[in-house]
Amino acid sequence: MSRTLFAAALLLGAASAATAQDRPNILFVIADDWGWPHAGAYGTDWVNTPNFDRVAEQGALFKNAFTSNPKCSPCRASILTGRNSWQTGEAINHFGVFPNTWPVYPDLLEAGGYKIGYTGKGWGPGDYEAGGFTRNPAGPAYQKVRTKPPAKAMSSIDYAGNFAAFLDERETEAGGNAPKPFHFWLGTQEPHRAYELGSGVAAGKSPARVDVPSFYPDTREIREDLLDYAVEVEYVDSHLGRALELLEAKGELANTVVVVTSDHGMPFPRVKGQIYEWGFHVPLAVMGPGVAAGDGLADGPRTVDDFINVRDFAPTFLELANLPRPESFTGQSMLDLLTASEGGKLREGPDEMLVGKERHDVGRPDDVGYPVRAIRTPEYLYIRNFTPERWPAGNPETGYRNVDDSPTKSALTKQFNNYYALSFGKRPAEELYQLPLDRDNMRNLAEDAAHRGAKTRLRNRMYELLEAEGDPRMTGRAWVFDDYRYTGRATHGWEAFQEHSEMESQSD
């Protein structure tokens, strides 16, 4: 029996017993490369996000939401399967293959009676057909409605317009009867690069207001690059606003759980694709029926301090839909945090989060990855770099392929100083940062005698958890990660670089 038929048989009984009130709609809004804490609700005043702030005010704002792998397709595979990155087989790698080995939650919702769809970016980049999927794992695509975006390099896909087309189709299919509950994945391609140079200043934004992370030099060039990023974040927020207005107009907002988040940090050096706080910490706000809100604007949103991983979305959505969760999910439903009347730390026990990566964009000899595992607690971030002899962002001669090209990248690679080293230089086998004092992870305490006990404790705990989760790197099968297929452009690879070098030498 196929996974889809099995899911249908499993869910049929539960779905037929559920009432409409038990089964809210779900609007899942996920930006591409939008980093924490760049929203008004988190206190950032140079990025305007009134619609995200509205979701936070009318629901819950999460202060500690994380991805287990800060790159697009690995994170999205975790979201879809409800599993940590090292539990997703080939899908742990960027530009990899997504194996149809475990059920993905949109299929389970569809088998349980939901109408599903997505617009913009679902799972990717990579090859899901080679893994056995017949469509994007996020669901059927709605991409036909187009628009003219306010800046060059933005996608022409009208995300909110396609959401409207999806809702219209749902009503037509109902034929005058009550329409099915829905799950819609609204995945923007912004604020992924490239950006229109100077779009932030052109929009009237002031470089003086930007909060520059301490791992960059404080220059106007970098401030303006961050403003161009802000324009793209605000474009995402505008589509969220249109989607909320559409739900209000159709009388559906009161029965729709709205989840707004991102896949990882901003597309800047030492952030996207890197195992540091800025890379794997993501924004998250949720509103909807049953989601307890704060006491009003004066007191701000109800904030939740408990640690959340993106793999927790899938079991949450299944519980919202009153459907059984499959045994393959390893995440934890966050419904208890959504419905709690208070904020702060709500669950008993310590908070801890595992993070890691294997191969992202290649550009090293034999196209090998840069394997890392880390554990994050409220007090510390411990990082284990398994191959410190390699370049973490990709080799210099191939252009540091695990960092998106940008004015900030160009500025940092012009001078081989400390700022360059922080983003592109080789790293020690172990790193330890004290939080929240060192949010930017600037002072490595791994060799500090005063923190030796914490380092040992965290290292042992991380290995214990990873082994329990079946991480191949902990079970003697680390070689599989570099053997997994790569589906990206050949120009990213080491072999292509060598061919290019040979052609240049022959032309000389």
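**Aromatic contacts and packing**

Mentor: Phe28, Tyr105, Trp185, Phe313 and Phe317 form one aromatic cluster. Rings of Phe, Tyr and Trp (its six-membered ring) pair if their centres lie within 6.5 Å; planes under 30 degrees apart count as stacked, over 60 as edge-to-face and the rest as tilted.

Trainee: What are the ground rules here?

Mentor: This is a predicted model, where local features need pLDDT of at least 70 and side-chain atom pairs count only at pLDDT 80 or more, while totals for chains, interfaces and linings use all residues. Residues are numbered from 1 along each chain as its sequence is written, and side-chain values use heavy atoms, with hydrogens and water left out.

Trainee: How many aromatic pairs does the structure hold?

Mentor: There are 30 aromatic pairs. In one of them, tyrosine 142 and phenylalanine 166 have ring centres 5.3 Å apart and planes at 90°, so the pair is edge-to-face.

Trainee: Where do tyrosine 142 and phenylalanine 166 lie?

Mentor: Tyrosine 142 is in the loop between β6 (126-127) and α5 (159-174), and phenylalanine 166 is in helix α5, so the pair ties together parts that are 24 residues apart in sequence. Helices (H or I, at least four residues) and strands (E, at least two) are DSSP runs, numbered from the N terminus.

Trainee: Are tyrosine 142 and phenylalanine 166 buried or exposed?

Mentor: Both are buried, meaning under 20% relative accessible area; exposed is over 50% and partly exposed in between (1.4 Å probe, protein chains only).

Trainee: And what about phenylalanine 215 and tryptophan 278?

Mentor: They form an edge-to-face pair, 5.9 Å centre to centre with 85° between the planes. Phenylalanine 215 is in the loop between α6 (199-202) and α7 (220-249), tryptophan 278 is in helix α8 (residues 277-280), and they are 63 residues apart.

Trainee: Changing topic: how do α2 and α7 cross?

Mentor: The axes of helix α2 (residues 50-57) and α7 come within 7 Å and cross at roughly 55°. Axes are lines fitted to C-alpha atoms, for helices over the stretch in contact, and angles run from 0 to 180 degrees between N-to-C directions. The two helices are therefore oblique to each other; angles under 35 degrees count as roughly parallel, over 145 as roughly antiparallel, 65 to 115 as roughly perpendicular and the rest as oblique.

Trainee: Which residues make the contact?

Mentor: Among them are Pro50 and Phe52 of α2, and Leu240 and Leu244 of α7. Contact means heavy atoms within 4.5 Å.
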